[in-house]
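This briefing is meant to be read alongside the sequence and the coordinates.

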Amino acid sequence: MGEHRLDTIAMFALDEQVQRCEALLQATPDDAELRLWLAWSLRQRDSTRALTLARTLREAWPEEAPAQARRLLVEAECLLLEGRLDESETLLREALRRFEARADAWGCADAHWLAYYLAADRGDGPALQASLLQAIEQARASGDALRLLMMEASLARAEVMRDAAAAERDWGRRLPAASPEPVCGAALADFRGLLAAMQADYLPAIEAFSTAFGLAMRCGQLRRAIALATNLGFTYTRMSDFESAMDWLKRALDLARGARWPGMIGLCLAHTGEALRRLGQLDNARELLRECLQLSAGQPQARTAALACRFLAQTEMDSGDFAAGLEAFEQLARGAATAGSLDLQLDAQQGRARALLGLGRAEAARAAAEQALAMAEAQQERSTALELRALLGDIARTQGRVDAALALYEQALAAAEALAGYATPPELLDGASQAFAAAGRFEAAFGCAHRASQARLRRYGEEAGQRSRAMHAHHQIERARAESEHLRRLAASEAARFADLQSAHQVLQHLGEIGQEITAELQTERVIEVLERRVHALLDAPSLAVYLLDEAGEQLQCAYGREDGERFADAPIPLADPQSFCALCVREGRELLLDGAEAAPAQIEGTSQMQSLLFVPLRVAERITGVITVQSPRRQAYGEREQLVLRSLSAYAAIALDNARAYLRLSELQRQVMAQEKLAALGALVAGVAHELNTPIGNSLLTASTLLEHTQTLAQRLQQGQLRRSELESYTRSSQEGLQVIERSMQGAAQLVDNFKQVAQDRDTQQRRRFALALLCEQALHALAPQIERAGHRLLLQIDAGLQLDSYPGPLGQALEVLVGNALLHGLQPEQPGEIWLRAEALSGGRCRIEVADNGRGMSEAVLLRVFEPFFSTRFGQGGSGLGLSICHHIVHGLLGGRLSVVSAPGQGSRFIIELPLVAP
């Protein structure tokens, strides 16, 4: 497989490699290893398709085959991205066990890499670092330099989140600045960008993040790309460039929404909430951040939850609720300490200081701020350090320590001037102005106040544009929020508004499987049987009924009704019936949910009183075909989740029942057409037999007439006494010759009648027997011989006389007659002599091949694609019904257990190939 070998498979494939694989797969769709390579390469590009591909390969290899471990790893990562962490971990452990059993270093490295993702999503800092270290060890053992470099860069990035100064010391010079390989280049630029952002070097951070984003998208690292887009939005927000921030956050939201990954949607919501907070949209920011925390409820230690907690705390502070802000910052401090995130611990401590100051607890605020300042200096967080000095100045000013406050403000202003790309906030200038005024330095105070006024003017000038952009961002956020709401509702329980996301995915997958099972059925009884079984497994439904509209659309017929395990029947319900809930549901085309007093007494004699009634119309596109109802004796048995489940089942059932009805009509039409085809074929056979019988019977009649005349003459000569010996001898000779002619003619006629009886019996009864294929072909095509001869064509049979089949001669003869007739009607040119060949030969493996070929006009590619479709014909109204080849295909694939294919091109004739088992199934 070249680059697609599974034992040395790359971590991430480039877009062009995936495109080549897709093209190869078009040519070799049964290549299991190629399909697995594609699933691995699509696991972040299109996790839904990757998961489907992986699951279709479960039977492609023996259970302990090496490829099965890679397949398990694909499923594990796709489930992880969908938020189904426990299921993912189970598959991951099994994949790792198999890789370790085979000493597969590549596989072990990839499995530990996925364990790193899993630990990150769970907020397990120690496990995260341990998994990365193990992945690096296995990558080094595999000898894969690219894997090793990418994983080392990822470890360096993870350590930046814990301790930026230590990460720069340990990895800054050890790792190369860049790499020509996109996979490694993205990881290296991500590390460099995050390191610069943590040190408030925003411009280098933006450049590195943008480079990493482009490379990550090219090599299918969608998870990294989404995180990079949110980091770009956060960095632009820190620089007060809200337009660029909202652009990147919108891009991140679009990617997360397209991937349908709840964890990444939560990350985008958190950063967008922070941007809205900085824009002053506090209510919208609070709503998004709380929603993000609800999405992250299953992983409270995850970094996304910590970020949302930090942003929410800052939002409460901006709202003036310092008590709520202090509580949120303390919660953040606990989560950050557990996760080992130094940057979040710093943010939590700084926030605590501000909240304590707002609550009037100046001394406690001072202690918290000094502790935060020490942490910021240790982490080389220059922007945070200057903000903390300004905060300490605010605290000193409230305590009356003017000199100390002034010194702190001056230090903060100097640091702000030295920080490239940093806009000094007017709040810092205001504080410094008040400190200068308190110290009697009025000129300096006026200068700071004037600078603060200018900064505010610049801020106010941008306010209108920022509000417009915020409204646009809010629209995008609402779309993402509605989507995440839909995911939660799928798995919501009766008493909860928001459900666990893992359960939502399970319910969605379950409904999808049910839909596939229901829509696969083409018989009404089987559709309802599957529906009934699935409804009882998902809903509290002691009573279940399905009503279908009649053909006139005037009455509802009870197609199925069961209550407490017992079937019941209901009389037809007029659609205009004002007392019937079923009729009301169909008339108005809407769901009905009745509970308690709303629920009417039992409407069907012999059934129980129900307290909860749910009616859902069966809808196909804009057409309503009936109604399904579930009922329970319990109050409030059906909530939003149950409505969603029954709504989904009704959609599947409506399509399946409509298909069953259409299939029934089509089957009836096909039976009628097939009967007509059989009668027509039998008529042609009778006509052919009659034509063949005409010659021997005519010869016999002529000979008998001649013999009668000679006998009468002989009798007359005998009566007259004039009979001579020579005349008697002549009469005897002519009588013998005539009788021999009559005998031969009658034997031929008898053989024709026997053949006709055998063919007619075979076609009428579909009786199975052992027969010689050559004899069957001669008998089956006997009726077509005169028609072929009259048209000036030739039928050539090339069949091994010893080829015997144990099968169904009647249907096979009908199929061959259809193919020869098709060649005569559609293939050969009228008034232009042509040839039809019927060949047959035995194959290995107990099979045989039969070919019907002609040297006629052939078929175009468009016709070739549809040649076996029912009711498709190029000669409607000219002798073509559009069902001959469809019936032939049905006979060969169904009853005879074989395969029928066709090869043709315009002007090159057509060749129909039948491959059959010598012994029919």
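The points below are grouped by topic and describe a predicted model.

**The chain as a whole**

- The chain contains 34 helices and 14 strands, and of its 921 residues 51% count as buried.
- When contacts between residues at least 6 apart in sequence are considered, 62% of them join residues at least 24 apart.

**Helices H16 and H18**

- Helix H16, spanning residues 303-318, and helix H18, spanning residues 342-358, have axes that come within 11 Å and cross at roughly 20°; because this angle is under 35 degrees, H16 counts as roughly parallel to H18.
- The crossing in which H16 passes H18 is left-handed.
- On the H16 side the contact is made by Arg303, Ala306, Leu307, Arg310 and Met317, while H18 contributes Asp343, Leu344, Asp347, Gly351, Arg354 and Ala355.

**Helices H21 and H22**

- For helix H21 (residues 402-418) and helix H22 (residues 426-438), the axes come within 9 Å and cross at roughly 140°, so the two helices are oblique to each other, given that only angles over 145 degrees count as roughly antiparallel.
- H21 and H22 also cross in a left-handed sense.
- The residues of H21 that make the contact are Val402, Leu406, Tyr409, Glu410, Ala412 and Leu413, and those of H22 are Leu428, Leu429, Gly431, Ala432, Ala435, Phe436 and Ala438.

**Leu332, in helix H17**

- Leu332 belongs to helix H17, which covers residues 322-339, and Leu332 counts as buried because its relative accessibility is 1%, where the cut-off is under 20%.
- Apart from neighbours within four places in sequence, Leu332 is in contact with Ala306, Cys309, Arg310, Leu344 and Ala348; of these, Ala306 and Arg310 are also among the H16 residues that make the contact with H18, and Leu344 is among those on the H18 side.
- Asp347, another residue of H18 in that contact, lies 15 residues from Leu332 along the chain, with 8.5 Å between the two C-alpha atoms.

**Leu293, in helix H15**

- Leu293 sits in helix H15 (residues 282-295) and is partly exposed, since its relative accessible area is 26%.
- If residues up to four places away in sequence are not counted, Leu293 touches Ala305, Ala308, Cys309 and Leu312; Cys309 is likewise in contact with Leu332.
- Leu293 and Leu267 are 26 residues apart in sequence, and their C-alpha atoms are 9.9 Å apart in space.

**Leu613, in strand S6**

- Leu613 is found in strand S6, which runs over residues 612-620, and its relative accessible area of 3% makes it buried.
- Between the C-alpha atoms of Leu613 and Phe581, residues that stand 32 apart along the chain, the separation is 9.4 Å.

**Cysteines**

- The structure holds 0 disulfides, and Cys268 accordingly is in none, the nearest cysteine sulfur being that of Cys292 at 9.4 Å, whereas a disulfide requires the two sulfur atoms to be within 2.5 Å.
- Cys268 counts as buried because its relative accessibility is 0%, and Cys888 is buried as well, at 1% relative accessibility.

How values were computed
Residues numbered from 1 in each chain as written. Predicted model: local features only at pLDDT ≥ 70, side-chain atom pairs only at ≥ 80, totals over all residues. Heavy atoms only, no water. Buried < 20%, exposed > 50% of the residue type's maximum accessible area, 1.4 Å probe, protein only. Helix = DSSP H or I, 4+ residues; strand = E, 2+ residues; numbered from the N terminus. Contact = heavy atoms within 4.5 Å. Axes fitted to C-alpha atoms, helices over the stretch in contact; angles between N-to-C directions. Parallel < 35°, antiparallel > 145°, perpendicular 65-115°, else oblique. Left-handed = near helix turned anticlockwise from the far one by under 90°.
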